[in-house]
Amino acid sequence: MTGTSDTPSISFELFPPKTEAGVTRLRDTVAQLSAADPEYFSVTYGAGGTTRDRTARIVEMVANRTGLPVAHHFTCVGASRAEIDRQAEAFWETGMHRIVALRGDLPEGQSLPDDGYNDAAELVTALRRKGDFDISVAAYPEVHPEARDAAADMDHLKRKIDNGAARAITQYAFDTDTVLRFVDRARAAGIDAPIVAGIMPVANFEGLKRFSAGCGASVPDWMGQMFDGLDEAPETRAMVATGVAAEQCRRLMEAGITDFHFYTLNQPKVTLAVCRTLGLTPDIMAENAA
């Protein structure tokens, strides 16, 4: 499904908690988020498959609890081609047909194995050999930190799409003009697949700055001014974060981008508030989010 100017399409990203208490909280989070009628959920996967079992468990829980499709993140670092192929076959045979295909972050001091897939484009090809998967891939409005330059990064995205990916989901970027320019460049490069805008609601600003520094996402000065001092004022911070994310979604919708992927960080409050602002949540949302 793809949104129109009147009906945005949304999806929610989750990560597998490390504790049973975290899993219990996530069950409640998923119940709340499902009231916003997302197209699907996705669940992240550690580098080299380090959270493979936990990811599979959370994928099953979300699917059973919501009845909605769930996309399994799948990385190829730290594994041989044979291992990746076996996992892809297992996905297909067990009905896990939605995949977010990523190279994954290399653990510090490690390199790609000689008998492994080199990047997400090769992983997409490998998945296509095993089944007719619905594959999403990543796109980088501010250029992937390891890319030679913006042109090389765009060439790589096109290769992922040409190899069989159905859509690209962008890394979050708080400068909306950066996202719009990226989409224009992608279309000019011959990429016709849907481009889904990644949206990061701010849960903790200092934590966001640290995380963004590691993944190459810029945090504008104006955001620092808006969130200054609010990490100790969660209710005010949530209101400001809702306004920032909702305004970005509105601007993107005005430009014709209506597919949004929310990086929820397993915290539903601001994401739900943004969805409600966009007119996506029924009245029951207020009861679920209370």
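Two strands are taken to pair if DSSP finds at least two bridges between them, and the helices (H or I, at least four residues) and strands (E, at least two) named in these legends are DSSP runs, numbered from the N terminus. The structure is a predicted model, in which local features need pLDDT of at least 70 and side-chain atom pairs count only at pLDDT 80 or more, while totals for chains, interfaces and linings use all residues. Residues are numbered from 1 along each chain as its sequence is written, and side-chain values use heavy atoms, with hydrogens and water left out.

**View 1. Strand E1 and its two partners.** Strand E1 (residues 9–14) runs parallel to strand E8 (residues 259–263), to which five bridges join it, and also parallel to strand E2 (residues 40–43), through four bridges. Ser 11 has His 261 as its bridge partner in E8, whereas Glu 13 stands opposite Ser 42 in E2. Six of the six residues of E1 are buried (under 20% relative accessible area, with exposed meaning over 50% and partly exposed in between, for a 1.4 Å probe and protein chains only). Ser 9, Ser 11 and Glu 13 point one way from the strand, and Ile 10, Phe 12 and Leu 14 point the other way.

View 2. Eight strands form a closed barrel in the order E1-E2-E3-E4-E5-E6-E7-E8, with parallel pairing. From one strand to the next, the twist averages 30°, where axes are lines fitted to C-alpha atoms, for helices over the stretch in contact, and angles run from 0 to 180 degrees between N-to-C directions. Strands E4 (residues 98–102) and E5 (residues 134–139) pair in the parallel sense over four bridges, and Ala 101 stands opposite Val 137 in E5. Helix H4 (residues 120–130) packs on the sheet, touching E3 (70–75), E4 and E5, and its direction makes about 150° with that of E4.

**View 3. Helices H5 and H6.** Helix H5 (residues 150–162) lies across E5 and strand E6 (167–170), running at about 180° to E5. The axes of H5 and helix H6 (residues 176–188) come within 11 Å and cross at roughly 65°. In contact (heavy atoms within 4.5 Å) are Ala 150, Met 154 and Leu 157 of H5 with Phe 182, Arg 185 and Ala 186 of H6.

**View 4. Confidence along the chain.** The mean pLDDT (the predictor's confidence in each residue, from 0 to 100) of the protein chain is 90, and 91% of its residues reach 70 or more. Over residues 283–290 the pLDDT is below 50.
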